[in-house]
Amino acid sequence: MIGGLFIYNHKGEVLISRVYRDDIGRNAVDAFRVNVIHARQQVRSPVSNIARTSFFHVKRSNIWLAAVTKQNVNATMVFEFLYKMCDVMAAYFGKISEENVKNNFVLIYELLDEILDFGYPQNSETGALKTFITQQGIKSQHHSKEEQSQITSQVTGQIGWRREGIKYRRNELFLDVLESVNLLMSPQGQVLSAHVSGRVVMKSYLSGMPECKFGMNDKIVIDKQGKTGSTEDGAKSGKQSIAIDDCTFHQCVRLSKFDSERSISFIPPDGDYELMRYRTTKDIILPFRVIPLVREVGRTKLEVKVVIKSNFKSSLLAQKIEVRIPTPLNTSGVQLICMKGKAKYKASENAIVWKVKRMAGMKESQISAEIELLPTNDKKKWARPPISMNFEVPFAPSGLKVRYLKVFEPKLNYSDHDVIKWVRYIGRSGIYETRC
Amino acid sequence: MMCDFLFSLVCTGEIFELKAELNSDKKEKKKEAVKKVIASMTVGKDVSALFPDVVNCMQTDNLELKKLVYLYLMNYAKSQPDMAIMAVNTFVKDCEDPNPLIRALAVRTMGCIRVDKITEYLCEPLRKCLKDEDPYVRKTAAVCVAKLHDINAQLVEDQGFLDTLKDLISDSNPMVVANAVAALSEIAESHPNSNLLDLNPQTINKLLTALNECTEWGQIFILDCLANYTPRDDRESQSICERVTPRLSHANSAVVLSAVKVLMKFMEMLPKDLDYYGTLLKKLAPPLVTLLSAEPELQYVALRNINLIVQRRPEILKHEMKVFFVKYNDPIYVKLEKLDIMIRLASQANIAQVLAELKEYATEVDVDFVRKAVRAIGRCAIKVEQSAERCVSTLLDLIQTKVNYVVQEAIVVIKDIFRKYPNKYESVIATLCENLDSLDEPEARAAMIWIVGEYAERIDNADELLESFLEGFHDESTQVQLQLLTAIVKLFLKKPTETQELVQQVLSLATQDSDNPDLRDRGYIYWRLLSTDPVAAKEVVLAEKPLISEETDLIEPTLLEELICHIGTLASVYHKPPSAFVEGSRGVQHKRLPGSSAAGVSEAPPAVIPSQGDLLGDLLNLDLTPPTTTGPPPPASSGMQMGAMDLLGGGLDSLVLLCDPQMGTGFGAPPAAMPASFNVPVSGGLDDLFDLGVSLEIPNKMIFVSVQVWLPAMKAKGLEISGTFVRRAGVIQMEMTLTNKAMSVMTDFAIQFNRNSFGLAPAGPLQVLTPLSPNQSIEAALPLSTVGPVMKMEPLNNLQVAVKNNIDVFYFSCQYPISMLFAEDGKMERQVFLATWKDIPNDNESQFQIKDCHLNSDAASNKLQGSNIFTIAKRTVEGQDMLYQSMKLTNGIWVLAELRVQAGNPNYTVSTICLVLEICRIIN
């Protein structure tokens, strides 16, 4: 199991050092600094073995988190734990920066004592932790006996992510479907690979211990209903259903129920959390098509023309559109003409950046550039990195639709109808590239 | 900032100040002081001098302050054991506190204080806490047992904590169960044979129930523990799989991978024709693909594991090629791993896409990545024959880019392509020759020279090209020198008239001016060959080479099986067994996949040299259930087994001798009459059999068959050699795997044997031509002859070997199975057999039974024939088949045997007679 956990600043000075196992000595702290942080060559693996000691590291801004062990630990678990540790710290004191870590070092030690015992990760849900790790040590003494047992049963219990007795005057739910659409297209417009990775993020402000049920236009569910339910309904919704390649859920979701009935039921954590992640590869709506045209005119000139076409309902508006066209390293000057938005050649980034604030669906726009090149005797050909694109659209490129989100709280007197629900779809570009 | 100030405190005088503050009456001041102490401790300053003052602050009702003091205690108690005792009272008191959080805190901290005296006081509180009414305290106490066990294992056993811990597996609280499982698993690891984690269907059921309810981390502990269980039958296996599959949708990748591990392992037990088997296979792909959208570090771990999974069960991900395409801004470690998997998944169906991608990658910036991409194109050519042409033309395009390292890498892989498809793509040689000057890496130069030498007759100016290399002969690396020498000799044999001068030049350079013994030796060999018999030289030097195998970098099957059992862990990231990087007893047990290992072997790609361990399983299967055999057994392995069978009789008796040679003669007739020089190797055969046919009581005696580590890396400056002996088509081979575990590249390997009982000697040089980079392994098969100098060894089949590389010379000794020495001409004439049999004194006969061999006599005879044990005559007496057999050792000693097979009785009776007249006489 994890033998120790260290946090360093960008210089390699240790900010937090907590050793859990006897086989990890103080010299491990230095070994990591010398061999990884100060290494002359860029470190090529997130796992490094130095003198029979294994180090796992992740970096957050310029803070290094390193877990150390001498045993054959579950490596996946160690990384998951490090991410979780980052989440927990961020939930307590915001951004993970050197200053914040230093200002909260007592708290961090307290957290590390609680969520890692002898190197075994323990309950690390912030919801639960915040009930008894408060930075106000004195207050924790005043818990009544009932409160204490409530805390411990929550930390160890089945629903470790939610405490009892939450009350809101207004029961409200915010549900965001956030998708990032990834594309790699050949210069001829052939889709080499495309997938959507989506997340359903929720903010729930609900009283009591509500039981929720989430439904979407999952093809498997719709098809099943189509068979049993009325044919009309099946035919109508069947058309819009989507095939989900795979999905993963927050630990509050009952996985065995999903496995057997494919229904998503859960008791939600309070506040923000990510309910599920999913991935689709079929029938993706690609919001934009990029058509590049690169012509080399002699050895000192390049002509580039890029057309973008928006491919969604004309009533919708895409925002924050940015097209990045890479230029060769020996570019000496660029002349740009664009129909819409603003374009600029950024020499430091070796790219032309073309920004368009808004663009409606079913439209087309283009940019043309003349790139002057310095003659070089470099034998190496320019690699022509792909043209990449960023945007945001108000729909889900996978076609996912939320069908319902039902809330039942049998003990308190509010019903599903009393809950105010908000649903929003945002599609963003992930890695959206077209080779040229 | 105040805290910046905390961190920047300087030492002088500070300790005094802190001391004063710690003893202050004001609580706030005290707390600030303790904080400062902890801050100093963090940055590595020694604040142990403050021990008594800090411990004094322990008696407080401020929980935060208490935790800080405890933190200090954990750090310094070991250095101040006497003082630490002062804290015991507080701990014991805290363990009685009404607040469960404080009780848990006390027991948690106490376990971390590794001072014997404190440990004694810990037992009573711990016992109480293990039965505490509050689950939070119980789950903490469960882990504390593991802590205590780490300090004093005996104490934990004596106090009966292990039983209490086992009881906690049935606890009502899922987290208590999970922690108890984690603690027990850890303790069990250091007691490999204790049946501590007594996994039976009842406990498994409890674990599976807890799995649905506990935290993500608890689920990981439980799944990892489940993976160690071996279900009784396929039905149990299926029902566990069914209950584990929902975990594949968990958001935590570690839960997913641990579930994959359980499924991969238990799947081995499911019959392939089962519908469920197919469903399960289909269910595994999506979660594995999803892991690739996790954070890069997790992707890396996932990819390393997928690499293993793809080797074991390629069918799972065969349609998912696209997800392994490299993204422009993937971190380099992810890119390199993806590339590896792409090659593994490459097939005729997707090769076009793969090649297009690889071509893109070859133009990227990162040098390592580009090199690997170029190499990958070559590997595709070798793997998918239909694509070879396209691959070669892609490589040619890349050579045209003139990017130095791309060109060099391309030439190295084209050499391999030539070895796979000889005489097919010579048209490209002209292009290659154009780039001769730009090659500056030894590997590329050696590859180019090899190509020129190999195709010398088709390259008009081959002599000029090679001559140009010759100018700087002494500055070249050994690899290039050796290659150049061979290439010029090849050239001379092909075009003798024009190149006489050249060959003389290189021979004299190699033999007279070089101080490298390998080079000199090779030079002399060529020289003598050429001067004595040019025809023979031609046969040797221009002999037809075996085609190179399809995939060269597959993980050896037994290791792969072990690694599959370690999915998700560090072992799977390093692709090394835990014993390679874990110190002490932990994790040293080798895990194996359940189910019939034979099934696993038949799936294993044939290109990999199967380890003997697997052959064993294979043979077992073949022998016991002849109708289901899928293919002919490899000749070497069956030879070994059958040899064992027949020598068995003699072997058993001689075992007594082996155990105690001095006393052996006192035991009575049969062993004493056995020619002593013969007994020992016979017992070598015997051991083989014990594991093969009968699997009797002597479990640790597999030494002669399995692949074993002959030379551990520790003894040889990082070089590890493991291997085995086989007989293939009349040639005895020593098959070795050389692994470089050092940090530097190893080159110039050579091998030599000491004199031995049967005159074994290397029949050629050790074929390790490429330098062995760190963490790389290479397999080498060394043909052996039996005409070397003879000296009797003890034991008789002992072989002493010396291996040399650029670092040093290393020695090791190993033992070879006697059955490998049975010659092909071991068939005796009937008459001679009869006469010999009669000649042998009855004392020399020994009997043995082979149990549970369900072969009829004909089948047995056929099989034995395959291993050079020849049936001379067959007789049927009273329903028994009697087979009379002979075999001959390479040094001319005959062994005769009688095999009695009774129809319907699976037990064979073997009588062996070994008559070695000469030796007998000498001994008597």
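Start by selecting Met1(A) and Thr69(A): the backbone oxygen of Met1(A) lies 2.9 Å from a polar atom of the side chain of Thr69(A). This is a predicted model, in which local features need pLDDT of at least 70 and side-chain atom pairs count only at pLDDT 80 or more, while totals for chains, interfaces and linings use all residues. Residues are numbered from 1 along each chain as its sequence is written, chains are lettered from A and ligands numbered from 1 in the order in which they are written, and side-chain values use heavy atoms, with hydrogens and water left out.

**Around Thr69(A)**

Thr69(A) belongs to strand E5 (residues 63–69) of chain A. Helices (H or I, at least four residues) and strands (E, at least two) are DSSP runs, numbered from the N terminus. Thr69(A) has a relative accessible area of 2% and is buried; buried means under 20% relative accessible area, exposed over 50%, and partly exposed in between (1.4 Å probe, protein chains only). Now show its contacts, meaning heavy atoms within 4.5 Å. Leaving aside residues up to four places away in sequence, Thr69(A) touches Met1(A), Ile2(A), Gly3(A), Ile24(A), Thr53(A), Ser54(A), Phe56(A) and, from chain B, Leu570(B).

**Two positive phi angles in chain A**

Most residues other than glycine have a negative phi. Select Ala51(A), whose phi is positive, about 50 degrees, although it is not a glycine. Ala51(A) sits in the loop between strand E3 (47–50) and strand E4 (53–60) of chain A and is exposed, at a relative accessible area of 67%. Go on to Lys320(A), a residue other than glycine with a positive phi near 50 degrees. Lys320(A) is in strand E16 (residues 317–326) of chain A and counts as exposed at 55% relative accessibility.

**Aromatic rings**

The structure holds 27 aromatic pairs over all chains. Rings of Phe, Tyr and Trp (its six-membered ring) pair if their centres lie within 6.5 Å; planes under 30 degrees apart count as stacked, over 60 as edge-to-face and the rest as tilted. Select Phe105(A) and Tyr109(A), an edge-to-face pair with 6.3 Å between centres and 80 degrees between planes. Both residues lie in helix H4 (residues 105–115) of chain A, 4 residues apart, about one turn of the helix. Phe105(A) is buried at 1% relative accessibility, and Tyr109(A) is buried at 3%. For a cluster, select Phe6(A), Tyr8(A), Phe32(A), Phe55(A) and Trp64(A), which form one aromatic cluster.

**The interface**

Show both chains. The contact takes 93 residues from chain A and 106 residues from chain B. Together the chains bury about 8,700 Å², 56% of it on carbon and sulfur atoms; buried area is the accessible area (1.4 Å probe) that two parts lose on being put together, summed over both. Between chain B and chain A there are 10 salt bridges, a salt bridge being a side-chain nitrogen of Lys or Arg within 4 Å of a carboxyl oxygen of Asp or Glu. Next, colour helix H9 (residues 135–151) of chain B, which with 8 residues supplies the largest share of the side of chain B that touches chain A. By class, that side has 51 nonpolar, 24 polar and 31 charged residues. Here Ala, Val, Leu, Ile, Met, Phe, Trp, Tyr, Cys and Pro count as nonpolar, Asp, Glu, Lys and Arg as charged, and the others, Gly among them, as polar.

**Salt bridges within chain B**

Over all chains, the whole structure has 63 salt bridges. Select Glu64(B) and Lys31(B), whose closest N and O atoms are 2.7 Å apart in a salt bridge. Glu64(B) lies in helix H5 (residues 63–76) of chain B and Lys31(B) in helix H3 (residues 27–42) of chain B, so the pair ties together parts 33 residues apart in sequence. Glu64(B) is buried at 6% relative accessibility, and Lys31(B) is buried at 9%.

Move to Asp224(B) and Lys261(B), which meet in a salt bridge of 3.1 Å, N to O. Asp224(B) is in helix H14 (residues 216–226) of chain B and Lys261(B) in helix H16 (residues 253–267) of chain B, so this pair ties together parts 37 residues apart in sequence. Both Asp224(B) and Lys261(B) are buried.

Finish with Glu337(B) and Arg304(B), a salt bridge with its closest N and O atoms 3.1 Å apart. Both residues are buried.

Note on methods:
A polar contact is a pair of N or O atoms within 3.5 Å; within protein, one must be able to donate a hydrogen and the other to accept it, and residues adjacent in sequence count only if both atoms are side-chain atoms.
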